[in-house]
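Thanks for asking me to look this one over. Here are my notes, written as a colleague would jot them down beside the model.

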Amino acid sequence: MSEPVDVDVIVVGAGPAGSAAALTLARSGRSVVLLERGPFPGSKNMYGGVIYGRVLDRLVPEWITEAPIQRWVTRRSTMMMTSTQALTIDYRTESWGEKPYNGATAYRPDFDSWLASKAVEAGATLVTSTTATGLLRDEGGKICGVSTDRPDGDLRAKMVIACDGVNSFLAKEAGLYHHGGVEHFTLGAKETLSLPKSVIDDRFGVRGNHGVDIEILGATPGLAGGGFVYTNLDSISVGIVVSLSDLQTAKVRPEELIANLKAHPAIAPLVEGADVAEYSAHLIPEGGYKTMPELYTDRMLVAGDAACMCLAAGLWLEGVNFAIGAGEIAAQMAIEAVRDGDVSAQKLSGYQRRLEESFVLADHRKLADAPEFILGDRMQNQYPKVICDAVEAMFTVSNPTPKAGLSQHMKAAASKHGVKIRHLLKDARTASKLFG
Ligand SMILES: Cc1cc2nc3c(=O)[nH]c(=O)nc-3n(C[C@H](O)[C@H](O)[C@H](O)COP(=O)(O)OP(=O)(O)OC[C@H]3O[C@@H](n4cnc5c(N)ncnc54)[C@H](O)[C@@H]3O)c2cc1C
């Protein structure tokens, strides 16, 4: 590559993927510009949100003491609900509240700004309030930088890493955009509700900076999706994730779904008297491994949500750690390619291989069938009713009738809700293959 360049690598988007990439590049001595359209990193970003920070152990070892977290999650509940019932598997452990920790609630404007500041400390140039509007190409048609919305805003580089999130215009322009349609996207919407810390501690049964993560199946009746409740220090996040196509068909507003969730008998006492401090919504690329685009082309890589790397697999909703992992690996690939003077697609195919060897694509590959399974009708609409009814029957003392066993109650509930035993067995096998 002989054309003059302004910088070795341009990273577009200062979310977790972009900042991890810029940090890795800057540390290796490469010149890197990190472009962010918002006035500061994280200003445009929302999520549930729990961050699983172990991915930072090597990249930013001081994350445990430095990252702006709200609470360490020491209690993780999985709830299944119908309109009047709820069954919760509630797990708590003190070990997640001490080193090496597991997940932590955090506000994205705080967290994203912090991670970007690590990249800047390492030598990256962060340019905010600047949108990359397209790809620049040289006379041979090869990518050679990005155009921006600044006057004289063209920026030339040896490579571009697109970390510009779920609607990545750059990935689309480069022909590296997800396979599949609207059915592979969900809309996440949440309210942040203010409550005094002492009230949150009492209602959720935690102390100090320990917190709770509640994931909910059956929170969006009749629509594929789920719900969540997370504790921050003096606020709680309550939200839903719902299939975009179902939302369009049902013509229901996400705010109504959140209002219904907050009114549910299992949730209402947790949120009673809380003021809505903020409402936000964002798309999630839920299709997973099967809908991922090509991840590289000549002189360009794609990482994070821009490449559908958010893991939305029922039991897990993890995107930040996958974005950080992918951003770091993209940067390592770019460092090697720039060093060797070979930024061709063939050279950059090593990015895909490295991702496949890492947790990023290993987890996605293992759970490739999970999105379809979790968002399927039986899992969404029938099983919460079957399981809640069976458990209710199990614990309802039916004297003078003698007690029946759980399998009898399950059969009765399955038949009442139109679930065939062969479906139950088939789904149990699928679940055990995916999560076992
Ligand atoms: C409701 C909801 C709940 C979630 N819950 C969780 C959770 O609890 N835990 C978890 O780990 N993940 C969660 N996720 C997923 C997680 O938020 C994403 O997977 C993660 O943010 C992806 O990081 P990223 O860096 O790839 O993209 P983003 O975080 O979207 O960052 C992209 C950045 O690029 C910038 N940008 C976009 N276009 C341009 C442009 N043209 N020029 C310049 N800048 C641009 C944006 O402003 C943004 O800063 C949730 C998502 C949603 C919506």
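The points below go from the whole chain to the ligand shell, and then to individual strands and residues.

1. **Ground rules.** This is a predicted model, in which local features need pLDDT of at least 70 and side-chain atom pairs count only at pLDDT 80 or more, while totals for chains, interfaces and linings use all residues. Residues are numbered from 1 along each chain as its sequence is written.

2. **Overall build.** The chain holds 16 helices and 19 strands; helices (H or I, at least four residues) and strands (E, at least two) are DSSP runs, numbered from the N terminus. Its C-alpha trace spans about 90 × 45 × 40 Å along the principal axes.

3. **Burial and contacts.** Of the 436 residues, 47% are buried. A residue is buried if 20 or more other C-beta atoms lie within 10 Å of its own, exposed if 12 or fewer, and partly exposed in between, with C-beta atoms placed from the backbone. Among contacts between residues at least 6 apart in sequence, 72% join residues at least 24 apart. Two residues are in contact if their C-beta atoms, placed from the backbone, lie within 7 Å.

4. **Domains.** The assignment gives domain 1 (7-70 + 106-179 + 291-367), domain 2 (182-285) and domain 3 (376-435). Such bounds come from an automatic or database domain assignment. Between the C-alpha centres of domain 2 and domain 3 the distance is 26 Å.

5. **The ligand shell.** Which residues come nearest to the ligand? Of the 40 residues around the ligand, they are Gly 13, Gly 15, Gly 188, Gly 304 and Gly 319. The elements giving two or more residues to this shell include α1 (16-27), β11 (185-194) and α10 (320-340). A residue is near a molecule or strand if its C-beta atom, placed from the backbone, lies within 6 Å of it. The ligand lies between domain 1 and domain 2, because both give residues to the shell.

6. The shell divides into 18 nonpolar, 15 polar and seven charged residues. Here Ala, Val, Leu, Ile, Met, Phe, Trp, Tyr, Cys and Pro count as nonpolar, Asp, Glu, Lys and Arg as charged, and the others, Gly among them, as polar.

7. **Strand β12.** Why is strand β12 (residues 210-217) largely enclosed by the rest of the structure? Seven of its eight residues are buried, so the strand is largely enclosed. β12 pairs with strand β4 (residues 71-81) in the parallel sense over eight bridges, and four bridges join β12 to strand β13 (residues 225-231), antiparallel. Two strands pair if DSSP finds at least two bridges between them. Glu 215 of β12 is the bridge partner of Thr 78, and Phe 228 in β13 is the bridge partner of Glu 215.

8. **Strand β2.** Strand β2 (residues 32-35) is covered on both faces: Val 32 and Leu 34 on one side, and Val 33 and Leu 35 on the other, are all buried. Strand β1 (residues 7-12) pairs with β2 in the parallel sense over four bridges. Val 9 has Val 32 in β2 as its bridge partner.

9. **Backbone spots to check.** Most residues other than glycine have a negative phi, and most peptide bonds are trans. A cis peptide bond joins Lys 99 and Pro 100, with omega about 5°; Pro 100 lies in the loop between β5 (86-92) and β6 (103-105). Another cis peptide bond joins Asn 399 and Pro 400, with omega about 10°.

10. **Positive phi.** Asp 152 has a positive phi near 55°, and Arg 299 has a positive phi of about 65° although it is not a glycine. Are these residues buried or exposed? Asp 152 counts as exposed because it has 6 C-beta neighbours inside 10 Å, whereas Arg 299, with 26, counts as buried. Asp 152 is in the loop between β9 (143-148) and β10 (155-162), and Arg 299 is in the loop between β16 (296-297) and β17 (300-302).
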